[in-house]
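Trainee: Please take a close look at the backbone torsions of this model. Once that is done, carry on from there to the side chains and the ligand.

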Amino acid sequence: MPAYQPVRGMQDMLPEDYRRFRHVVDTARAVAGRYGFEHADTPIMEVTDVFARSMGETSDVVSKEMYSFEDRGGENVTLRPEGTAGMVRAFISNGLQNQVPWKVFYAGPMFRYERPQKGRYRQFHQIGVELIGVETPVADIEVIATGAHILSALGLGDKITLELNTLGDLESRATYREALVAYFTGHADKLSEDSRVRLQRNPLRILDSKDEGDKALVVNAPRFDDYLNEYSLSFFARVREGLEAIGVPYVRNQTLVRGLDYYTHTTFEFTTTALGAQGTVLAGGRYDGLVEQLGGPRLPGIGWGSGIERLMMLADQAPAAPRPVALIPLGEAAERKGLVLAEQLRRAGLYVEMGYSGNLKRRLQRADKQNATHAVILGEDELAKGVVTVRDLTSGEQQEVAFDQLAPRLTA
Ligand code: ATP
Ligand code: MG
């Protein structure tokens, strides 16, 4: 038999990993709840069109990273690479337009066929929020604040910078696009191959290029600010004022365009220098055209997604596992009674580890390793007397306790 490994770029989540994972999700869910986002989920697969139509055929995700296949019925389906498209699809399929503003929080696995490396996997997990139906900058401010608050609740406040930009409305974007095409066409010979393709299909993405030659050209490219119309400028000013008013610091990054087609106005990324090349921790923006593009009503939206693995790498401390009580029955009769006592303690809310086998010394060592608060020892003598010996594993003190007093004694 071969020694099987997980599929490349995918990881097992063992109990300690999962404890860290849960800490991130639970903290995020609790904070998001205070902003009115309630937990929801969509299937991990959608018909491929949902992603192709929303993110754009030329985006990196759609053109190179999706896990797409035909199912047995011939339907073209894709494992979700991100959360927004599915949530917007759910909003439309469930006919929720009368429930706006619609606010949801999600957490779950995402799949992208990328080169695996630190902080970059083929199955990874995201938390995220979406807010559909609010046109005003208040939505942008609150959605960004939710992200900032979650990061600080996870203890990451000092490790992270909020980078902020605007892509303007569709009109501003079209004018800017023309200016960019003119500029980059003049330097087409110096562009990377990828960016020459982008120049035809989506020139804004050149601003996002990681290629050094492209980056040098981007430095002198036309600036978005010079092409924003009045509405876009005042919208962005209100977003900035709001963030300043609630004390969320940010830096302006005029080249922050984000990789997907559906963004308009506000775009943002929370970044860190602590994770090497994988510096983006939480990212999102406003997507005013998306609901309509997916066949729904004309409603604006805004949201973000954040990689849980990257959050786990930054949040240094794993929360402690709950401390159990170690039950140690010695002998067959004691074992039978031990099962009953363990059950009573669990019903009373305690964590109970059963010391299955080995001599008393070995089982006490295991209890220590499990970080147990108490060992509850039940030998033949105790059984005859209707008591157990409770040893406090911190102080070493021990005491006999009657069976029916055990739960009250340990929960006191
Ligand atoms: P990157 O520039 O790192 O590829 P992205 O722009 O593709 O990020 P988004 O689509 O905005 O990322 O996803 C939001 C967040 O999800 C990222 O900021 C990151 O924290 C996380 N993320 C994205 N791709 C991966 C991956 N392959 N493995 C782990 N986390 C990821
Ligand atoms: Mg990516």
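Mentor: A residue counts as buried when its relative accessible area is under 20%, as exposed when that value is over 50%, and as partly exposed in between. The model is a predicted one, and every value below is computed from it. For the torsions, the background is that most residues other than glycine have a negative phi and most peptide bonds are trans.

Start with His265. Its phi is near 50 degrees, a positive value in a residue that is not glycine. His265 belongs to strand E9, which covers residues 264-271. The relative accessible area of His265 is 2%, so the residue is buried.

Asn371 also has a positive phi without being glycine, here near 60 degrees. Asn371 is in the loop that runs between helix H13 (360-369) and strand E14 (374-378). With a relative accessible area of 40%, Asn371 is partly exposed.

The next item is a peptide bond. Val100 and Pro101 are joined in the cis form, with omega at about -5 degrees. Pro101 sits in the loop between helix H4 (84-93) and strand E5 (102-111).

Searching the whole structure gives eight aromatic pairs. In one of them, the ring centres of Tyr183 and Phe184 are 5.0 Å apart and the planes meet at 75 degrees, so this pair is edge-to-face; the cut-off for that class is an angle over 60 degrees. Tyr183 and Phe184 are both buried. Another pair is Tyr231 with Phe235, where the centres are 6.0 Å apart and the planes are at 55 degrees, which makes the pair tilted. Why are these two about one helical turn apart? Both are in helix H9 (residues 230-245), and they are separated by about one turn because they are four residues apart in that helix.

Arg122 places its charged end over the ring of Tyr113, 3.8 Å from the ring centre. Lys103 lies over the face of Phe37, with 4.9 Å to the centre of the ring.

Phe21 is a residue of helix H1 (residues 15-34), and its relative accessible area of 8% makes it buried. Between Phe21 and Leu311 there are 290 residues of sequence separation, yet their C-alpha atoms are 8.8 Å apart. Ser209, in the loop between helix H7 (193-201) and helix H8 (212-219), is buried as well, with a relative accessible area of 8%. From Ser209 to Ser195 the sequence separation is 14 residues, and the C-alpha to C-alpha distance is 7.5 Å.

That leaves the ligand. Ligand 1 has 14 residues around it, and those that come nearest are Arg112, Glu114, Arg120, Tyr121 and Arg258. Arg120 has a polar side-chain atom 2.8 Å from an oxygen atom of the ligand. For Gln126, a polar side-chain atom is 2.9 Å from an oxygen atom of ligand 1. Thr280 takes part through its backbone, where a polar atom is 3.1 Å from an oxygen atom of ligand 1. On its own, ligand 1 has 580 Å² of accessible area, and the protein covers 87% of it. Strands E6 (123-132), E10 (280-286) and E11 (301-307) are the elements that give two or more residues to the shell. The largest share is that of E10, with three residues. By type, the shell holds four nonpolar, five polar and five charged residues.

To return to your request, the torsion cases to check in the viewer are the positive phi of His265, the positive phi of Asn371 and the cis bond between Val100 and Pro101.

Definitions and conventions: Residues are numbered from 1 along each chain as its sequence is written. Chains are lettered from A and ligands numbered from 1 in the order in which they are written. This is a predicted model: local features need pLDDT of at least 70, side-chain atom pairs count only at pLDDT 80 or more; totals for chains, interfaces and linings use all residues. Side-chain values use heavy atoms; hydrogens and water are left out. A residue is near a molecule or strand if one of its heavy atoms lies within 4 Å of it. A polar contact is a pair of N or O atoms within 3.5 Å; within protein, one must be able to donate a hydrogen and the other to accept it, and residues adjacent in sequence count only if both atoms are side-chain atoms. Accessible areas come from the Shrake-Rupley method with a 1.4 Å probe; for residues, only the protein chains shown count as cover. Ala, Val, Leu, Ile, Met, Phe, Trp, Tyr, Cys and Pro count as nonpolar, Asp, Glu, Lys and Arg as charged, and the others, Gly among them, as polar. Rings of Phe, Tyr and Trp (its six-membered ring) pair if their centres lie within 6.5 Å; planes under 30 degrees apart count as stacked, over 60 as edge-to-face and the rest as tilted. Buried means under 20% relative accessible area, exposed over 50%, partly exposed in between (1.4 Å probe, protein chains only). A charge sits over a ring if NZ of Lys or CZ of Arg is within 6 Å of the ring centre and within 35 degrees of the ring normal.
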